[in-house]
Amino acid sequence: MMDSQKKIKLKVNGREHCFTIGDGCGEIPASETLVETIRERLLLTGTKRPCNEGGCGGCTVLIDGKPSLSCSTLTSECDGKQITTIEGLEDPVTHELHPIQQAFIDLDAIQCGMCTPGITLTAKALLDNNPDPTRQEVAEALAGNICRCTGYEKYFDGILLAAKRMRETANNGKGE
Amino acid sequence: MDIVGKNVERLDARAKATGAAKFTVDIREVGMLTAKFLRSPYSFAQIVSVDTSEAEKMPGVYGFVDQLDLVGRTTHHDILDDKIRFFGEAVVGVAAETEELALEALEKVQVTYRVLPGVLDFESSAKEDAPRVWPGGNVATWRGASPVSQGSSLRWEKGNTQEAIEKADHKVSITVKTHTQFHGALEPHACTASWDPGMEVLRMNISSQGVYGNQEDIASSLHLNLDQVQVTAGFVGGGFGSKAHNTCKEYLMSAILAQRTLRPVRYEPERSEECITALRHEATFSYELAADNDGTVKGISMKAYRVGGAHTSLQMNFLLGSTEYVAPTYLRSPNVCYEGWSVYTNMPLCAAYRGFGYFEGGIGFAEAVDMLAEEIGMDPVEFLLKNVPVKGDPVSTDQGPLTTAGIRETVQACADAIRWKAKYHVPGGRKLPDGRMHGIGLCHAMGRATLPNFVTSGNATVQVKMDGSVRVFAGISDIGQGQATAIKQIAAESVGVPFDAVSVTWGDTVAPHTGDQVASSTTMMTGNAVKLAGDDARRQIIEVAARLLKEPEENLQVKNGFVSSIADPEKRMPVSAVIKSPGVKVITGNGNWSITDIQASPRSLVVTACEVAVDTETGKIQLLNMVQGTDCGRAICKTRVEGQLDGVLSGGVGYVLSEDCAIDFKDNGRILNLNLYDYKMPTALDCVDILQPGIIMEFPDEVGPYGARGMGEATLSASAPAIMNAVYNAIGIRFEATPLTCDKVLKAIKAKQNKESI
Ligand code: FES
Ligand code: FES
């Protein structure tokens, strides 16, 4: 059982947010999902909610670096967690995009774009752990992210291109 | 050409990559209420009464609307009455401060239904004594609903088909049943509505493929002038046909709720609601095909039986798509006839679905073609090459001259890419080292690329501003294919300014009426209009510049933002200076474009070749290799054409191999798998290392802007029959129904084995 009054802290894209779990005005019901909090309270609508029942991966965010379905996660259980949404990938100062985002743009990978945020974050988690994946490994990582438009082809290409660019940057860094 | 044909960045790429793009489901306004709907538990019922009095007392609940408020209003081409006609149809809508409150309020609403006997499938609807979905009868016709006794929905013939088939050396026949499919767009049919009582304007965002159709339906239903309704569809999360000509009742009801509550209202269907907003319905097709010994087709006879759902919508158009797009078009034949039936049923809306009727119609056709080639003893690709139409051939019902020039070449290129000659074998003729059976298939599919002039025209406006920048008003939606970017390229090219100088207003009724984003028609309809508008603006720029530069008009050109003398490019001035000159300040170019099918018949084209492996122990079909090719006239942007071709792996391959709607015909036609986990759309794991790079042929189309012709709609339509024929090639079983899921394949294999062992 949840305390009727509980304060939680979420760090979303580096910014801290405090909420009170409860049934009062302005409080977050214990049953509220993370996708609701992100979209309706923080107005970060880059996180999509195409099915709201765990079937499409469109609502994927990173919780402490791990890709998670925000429609199937309770906000009340995210106390103290670091959450990254698609809005958190762009460098706020230089406006430089994450290499995955840039590769998707360069290869024209995106069509309607509803699946893109979820796919981007899933891919980021993959590359953070495996900088040189095979095409099969990319597909395995994306297995829970439905895309109806692209046949996934250019997303695979984009993720592999981003991985290559990231490895090159890392190697250049070491060489200096 | 400077810009058309270049791989330019999609204009919305960054917005979509960063999550900044606001789709309809993302739009929030101050004071916005949430609309929710009570849905019918019956497939057919009269609404006797609706009592909202208890729910009205709840704080935070602002307003209601119900079916009885809609009586006399029009949508889906039907005048609504007091009846609901499918399981899950919206009966009562509520607008409340939160979703939870709205749902609670609906629980307190009392509806009295008078349940009526309905019809759920073709057979039960097409009986003389069947209950009628609409008073006129269950058969859709161009004149409206008509009784079964009056016969089919449409028929057409050229030559004497029956006689030709009798006389020919070889003939085959087959009947194929195709199944129901969800579109599966990730953004549902969502809308927002807000009534501005000061300006007397209703503003709506709709996740739509055709804002003008929505505008017309809503304005007429609400008794407003057309331009008192503004519809915007900025970023649209997929559609695949489901959002074309589809003014959902929920949109009307949301608009009424916005007017009643004087608050902005948003509606976002849940996935289970979304799945029944529109369907590709089941259909049955019978073919007879005949040819002579040398492989020349002599006769094609087709019968189509379509389930049309509860509304008139575009039933007749789909029937045309299933019949005239296929039988008199896919192959040359002096004798062709088709007869089509589309019947009303108490099932959800029958919506367009990528491959507007020809997707499903083409499956049985291609199987019949394969059978005929086998019967004659001809290689199926040779047979196609001999019989596909060439430029100038009469096609379709109007028998207008075909402008698509590269059908043979595209078939040949795909055959070469998959190494057809080396790999084709007799049915059941090749076992793979792992014991599975290998099969190969190749098919083509053709759709429209324009809309007839009685349906719509293409219109656009181009404004050249004082700084030399350009705004294009072209109201087509962009559901993901990149039309808005293509429009930008065409405008930049035709006016003569850099790509980045152009901004596009798309998906918005503030732009002049133009064709919906359907039928691969945007490139030609709106693309041509934009080119004409750009040409018009350029002509006016030159007219002014001629005075300023003291040079005859015919000596001037506009390129890259400068007007210059053709002979002496040093003699030039920027476009901005022309616009800033006294008495100008803005130049507006207009474009209007339309065509009849008799004048010219441009047809989109996609060819699919594929290889499969069939496991005869489990019935599992694995797609090993696939090639997609198109002749698109000219690729405005190649990477975007490739993207369209790639899309086959989801909606096309999924249709045959994994997607199946579980419909309970004993319980009101209720669909049991209304979600994205029981309904199996292909995942990334199903799509690795299958597709070869797309083949893009460019035989310029005389009708298209810069020779371009749309192709996106056809991309799925050759894949399903290619897989069906490849499976036949693998195991010698001709399937007469889709999908080819493991259970069905295994059953057929067992049946064949039993027969052979007797
Ligand atoms: S919205 Fe969370 S998985 Fe679909
Ligand atoms: S791009 Fe449309 S769903 Fe993936």
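Which backbone oxygen lies 2.6 Å from a polar atom of the side chain of Arg634(B)? In this predicted model, where local features need pLDDT of at least 70, side-chain atom pairs count only at pLDDT 80 or more, and totals for chains, interfaces and linings use all residues, the backbone oxygen in question belongs to Tyr706(B). Residues are numbered from 1 along each chain as its sequence is written, chains are lettered from A and ligands numbered from 1 in the order in which they are written, and side-chain values use heavy atoms, with hydrogens and water left out.

The secondary structure of chain B comprises 21 helices and 32 strands, taken as DSSP runs (H or I of at least four residues for helices, E of at least two for strands) and numbered from the N terminus. The radius of gyration of chain B is 27 Å, which agrees with the value near 27 Å that a compact globule of 758 residues would have; the radius is taken over C-alpha atoms, and the globule rule is 2.2 Å times the number of residues to the power 0.38. Along the principal axes, the C-alpha trace of chain B spans about 90 × 80 × 50 Å.

Of the 758 residues in chain B, 66% are buried, where buried means under 20% relative accessible area, exposed over 50% and partly exposed in between (1.4 Å probe, protein chains only). Among the contacts in chain B with a separation of 6 or more, 79% join residues 24 or more positions apart, a contact being heavy atoms within 4.5 Å.

Arg634(B) is placed in the loop between strand 29 (621-631) and helix 18 (638-646) of chain B, and it is partly exposed because its relative accessible area is 26%. Although Arg634(B) and Pro700(B) are 66 residues apart along the chain, their C-alpha atoms are separated by 5.6 Å. Leaving aside neighbours within four places in sequence, the residues in contact with Arg634(B) include Met1(B), Val4(B), Glu698(B) and Tyr706(B).

A polar atom of the side chain of Arg280(B) lies 3.4 Å from the backbone oxygen of Arg354(B). With neighbours within four places in sequence again left aside, Arg280(B) is in contact with residues including His179(B), Gln181(B), Tyr353(B), Arg354(B), Glu360(B) and Tyr655(B).

Definitions and conventions
Polar contact = N/O pair within 3.5 Å; in protein donor to acceptor, adjacent residues only side chain to side chain.
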